[in-house]
Amino acid sequence: MKTPRVYKTEAIVLRHTKLGEADRILTLYTPGLGKIKAVAKGARRPGSKFGGHVELLTHSLLMLARGRNLDIVTQSQTINSFLPLRNNLWRNSYALYVSELVDAFTEERLENRPVFDLLLNTLTWLCETNDNDLALRYFELHFLHHLGYRPQLHICSSCNLPLQPVTNFFSPHQGGVLCPECSYKEPIVRPLSINALKVLRLWQDCDYNTARRVQLSPKLWSELEQVMKAYITYLLERETKSTAWLNRLRKELPKIPVDNPPKSD
């Protein structure tokens, strides 16, 4: 159905870039239109009518007018500014990683309401909990599922036989887990422990509150992060900028004020 000349939509600001002297191009994710780009005229001027309504990682209600190349934001109202994300370096960095993944994986004007809901929920979780790593791993698994990249965790992705309770292997190329016998056929695989496989299976099919009840060792957290990172990097054919920033942050945290998140424009 054709979008009306003027329309209203909820949107989460994934990214923004400067345009001219005072305008800003917004990359937005919406529940009904998927990812769209729009211009907020004068948004960078002091005292702009848009105020903080179109800042990065803001959930807003927007009125837009269809333009020749880009739609134009005419009105805006903040629904949730996710203030805790702006006051903590770690939360801000994790949220930017989530928004970068949504931007990188999605095409413009391709509706995917589950992705919008997951994004909105994840930003809320990052505001309300200190389980930032859990929020990211849970987001990654369910985000990939909604995009059609759900990893196969129950049968071998090559021979299709049920996986046994032994150390198996994750293959980004095969999009899932390989049994030990089939792992030799793939040039790039990563060992996957029994416990890591159990956790991934649980998180893949449970709600967030259930996932939060799982207690993991630092070693298991690291293993899960590396498996998901390898799969996402393979699918994107590159490492995200936010991943590189998070790696740097872990090394340099003592040098960086925690209450001074990196600025973005």
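1. Helix H8 (residues 218–236) lies across strands S6 and S8, at about 135° to S8. Contact here means heavy atoms within 4.5 Å. Angles run from 0 to 180 degrees between N-to-C directions, with axes fitted to C-alpha atoms, for helices over the stretch in contact. Helices (H or I, at least four residues) and strands (E, at least two) are DSSP runs, numbered from the N terminus.

2. The model is predicted: local features need pLDDT of at least 70, side-chain atom pairs count only at pLDDT 80 or more, and totals for chains, interfaces and linings use all residues. Residues are numbered from 1 along each chain as its sequence is written, and side-chain values use heavy atoms, with hydrogens and water left out.

3. Helix H6 (residues 194–205) packs against H8 at about 65°, with the axes 10 Å apart. That makes H6 roughly perpendicular to H8 (65 to 115 degrees). H6 contributes Asn-195, Ala-196, Val-199, Leu-200 and Trp-203 to the contact, and H8 contributes Leu-220, Trp-221, Glu-223, Leu-224, Val-227 and Met-228.

4. The sheet is open and has three strands in the order S7-S6-S8, with antiparallel pairing; two strands pair if DSSP finds at least two bridges between them. S7 (176–178) and S8 (190–192) are the edge strands, each pairing on one side only. On average, neighbouring strands are turned by 45° against each other, direction ignored.

5. S6 (residues 168–171) pairs with S7 over three bridges in the antiparallel sense. Ser-171 stands opposite Gly-176 in S7. H6 also packs on this sheet, touching S6, S7 and S8, and its direction makes about 80° with that of S8.

Key:
Parallel < 35°, antiparallel > 145°, perpendicular 65-115°, else oblique.
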